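Student: I have a protein model to look at, and I am new to this. Could you show me how to read its features step by step?

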Amino acid sequence: MQSKEDAGYKGSEDTAETPVTLIKDFRQGGYVTLEGYIVKKIKGDTYQFRDSSGTVNIDAPASTFKGKTYSAEDKIRVSGKVYGKGENAHLKVTRIDEP
């Protein structure tokens, strides 16, 4: 008889993207991955990020872009830590990839 192996950690399933709306109540310092679009630069390293569920501000240092430039039509995947709650929630990006 073959047993199911559903318990435990699974690499890619654990890093599935999170909807923007869910990070507004996410635990502080929690690591998430979002998939969507950088809509506009707000100032410095702060950008507005959008997915199908809403928008959130992200802090993305130039080093996370690895020399690439993305327009509002380029779908990307950002990973980082959540800080703030509710409307003040934002993501400190540690990695930007193409999906």
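Predicted model: local features only at pLDDT ≥ 70, side-chain atom pairs only at ≥ 80, totals over all residues.

Student: Thanks! How many helices and strands does the protein have?

Tutor: Helices (H or I, at least four residues) and strands (E, at least two) are DSSP runs, numbered from the N terminus. Here there are three helices and five strands. Starting at the N terminus, their order is α-α-β-β-β-α-β-β.

Student: What do the five strands form?

Tutor: Two strands pair if DSSP finds at least two bridges between them. In this model the five strands make a closed barrel in the order 1-2-3-5-4, with mixed pairing. From one strand to the next, the twist averages 55°; for such angles, axes are lines fitted to C-alpha atoms, for helices over the stretch in contact, and values run from 0 to 180 degrees between N-to-C directions.

Student: Which strands run antiparallel to strand 4?

Tutor: Strand 4 (residues 76–83) is antiparallel to strand 5, with seven bridges joining them. Strand 1 is also antiparallel to strand 4, through six bridges. To find these pairings on screen, look for Gly80, whose bridge partner in strand 5 is Val93, and for Glu35, which stands opposite Arg77 in strand 4.

Student: How many residues lie between strand 4 and strand 5 in their hairpin?

Tutor: Six residues lie between them, and Gly84 in the turn has a positive phi of about 85°.

Student: Which residue other than glycine has a positive phi?

Tutor: The general idea is that most residues other than glycine have a negative phi. Lys66 has a phi near 50°, a positive value. Lys66 sits in the loop between helix 3 (62–65) and strand 4.

Student: Is Lys66 buried or exposed?

Tutor: Buried means under 20% relative accessible area, exposed over 50%, and partly exposed in between (1.4 Å probe, protein chains only). Lys66 counts as exposed because its relative accessibility is 57%. Gly44, in the loop between strand 1 (31–43) and strand 2, has a relative accessible area of 49%, so Gly44 is partly exposed. Across the whole protein, buried residues make up 30% of the 99 residues.

Student: Why does Thr18 count as buried?

Tutor: Thr18 is buried because its relative accessible area is 16%. You will find Thr18 in the loop between helix 1 (11–14) and helix 2 (20–23). Contact means heavy atoms within 4.5 Å. Leaving aside neighbours within four places in sequence, Thr18 is in contact with Ile23, Val32, Thr33, Leu34 and Asp51.

Student: How should I describe two aromatic rings?

Tutor: A pair of aromatic rings is described by the distance of the centres and the angle of the planes. Rings of Phe, Tyr and Trp (its six-membered ring) pair if their centres lie within 6.5 Å; planes under 30 degrees apart count as stacked, over 60 as edge-to-face, and the rest as tilted. By this rule there are two aromatic pairs. Phe65 and Tyr70 form a tilted one, 6.2 Å centre to centre with 40° between the planes. Phe65 counts as buried because its relative accessibility is 12%, and Tyr70 is buried too, at 15%. Together with Tyr47, Phe65 and Tyr70 form one aromatic cluster.

Student: Which residue lies over the face of Tyr83?

Tutor: Lys92 does, at 5.3 Å from the ring centre. A charge sits over a ring if NZ of Lys or CZ of Arg is within 6 Å of the ring centre and within 35 degrees of the ring normal.

Terms used: Residues numbered from 1 in each chain as written. Heavy atoms only, no water.
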